[in-house]
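These are my notebook entries on a single model. I record what I looked up, entry by entry.

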Amino acid sequence: MLDAQKAIVLGHPSYVWRFGQERRLDLVRRYVPLDGRRILDVGCGIGAYVSRFMQLSPTTYGVDLDPERVREAHRRGARDTLAASAERLPFRTGVFDLVMLNEVIEHVADDRRTIEEACRVAREGGCVVV
């Protein structure tokens, strides 16, 4: 797939941690305690959020559909990332305290299935869809 086509289908990953991302993280932290929690970033790209979450919790994981982006995430230090579809997450039911999908839904093949999977892997009562 050409880079332009790939960007249309998968979006552009965040290459640099910026103020907007820090602000978004602050909003999440206002409602969800993250320190020491099990966190999953679906559509993690090159691991920007995974790397930041790793500073708060040692049990932080990421998945992305693009194996190339996962390799780059590993290169940048986000080791617990893997290539997987958002519609078929390779995790047991109820294992995460937070499942983050930031700018992902518009890029998946089946948005309903993606949300179902995010809720499946979230601990009971831990799934809030807005």
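Which residue is the bridge partner of Asp 64 in β3? I found that Asp 64 has Ala 83 as its bridge partner in β3. I worked on a predicted model, in which local features need pLDDT of at least 70 and side-chain atom pairs count only at pLDDT 80 or more, while totals for chains, interfaces and linings use all residues. Residues are numbered from 1 along each chain as its sequence is written, and side-chain values use heavy atoms, with hydrogens and water left out.

Entry on the strands. I took helices (H or I, at least four residues) and strands (E, at least two) as DSSP runs, numbered from the N terminus. I counted two strands as paired if DSSP finds at least two bridges between them. β2 (residues 60-64) and β3 (residues 81-83) pair in the parallel sense over three bridges. β1 and β2 also run parallel, joined by four bridges, and I noted Gly 62 in β2 as the bridge partner of Asp 41.

Entry on the crossovers. I called a crossover right-handed if, with the strands pointing away from the viewer, the path from the first strand over the helix to the second runs clockwise. From β1 the chain passes through α3 (residues 48-54) to β2, a right-handed β-α-β crossover. I recorded a right-handed β-α-β unit for β2, α4 and β3 too.

Entry on burial. I used buried for under 20% relative accessible area, exposed for over 50% and partly exposed for values in between (1.4 Å probe, protein chains only). Four of the five residues of β2 are buried, so the rest of the structure largely encloses this strand.

Entry on α4. In this helix (residues 67-75) I found Arg 69, Val 70 and Ala 73 buried. They line one face of the helix, because seen down its axis they fall within an arc of 100° (taken from the directions from the helix axis to the C-beta atoms). Arg 71 and Arg 75, on the other side, are exposed. After α4 comes Gly 77, with a positive phi near 105°.

Entry on the cores. I defined a nonpolar core as a set of buried Ala, Val, Leu, Ile, Met, Phe, Trp, Tyr and Cys residues joined through side-chain atoms within 4.5 Å. The largest has 15 residues, and Leu 40, Phe 91 and Val 99 have the most contacts inside it. β1 (39-42) and α5 (111-121) are the elements that give two or more residues to this core. A second, separate core of nine residues includes Leu 25, Val 28, Leu 34 and Tyr 49.
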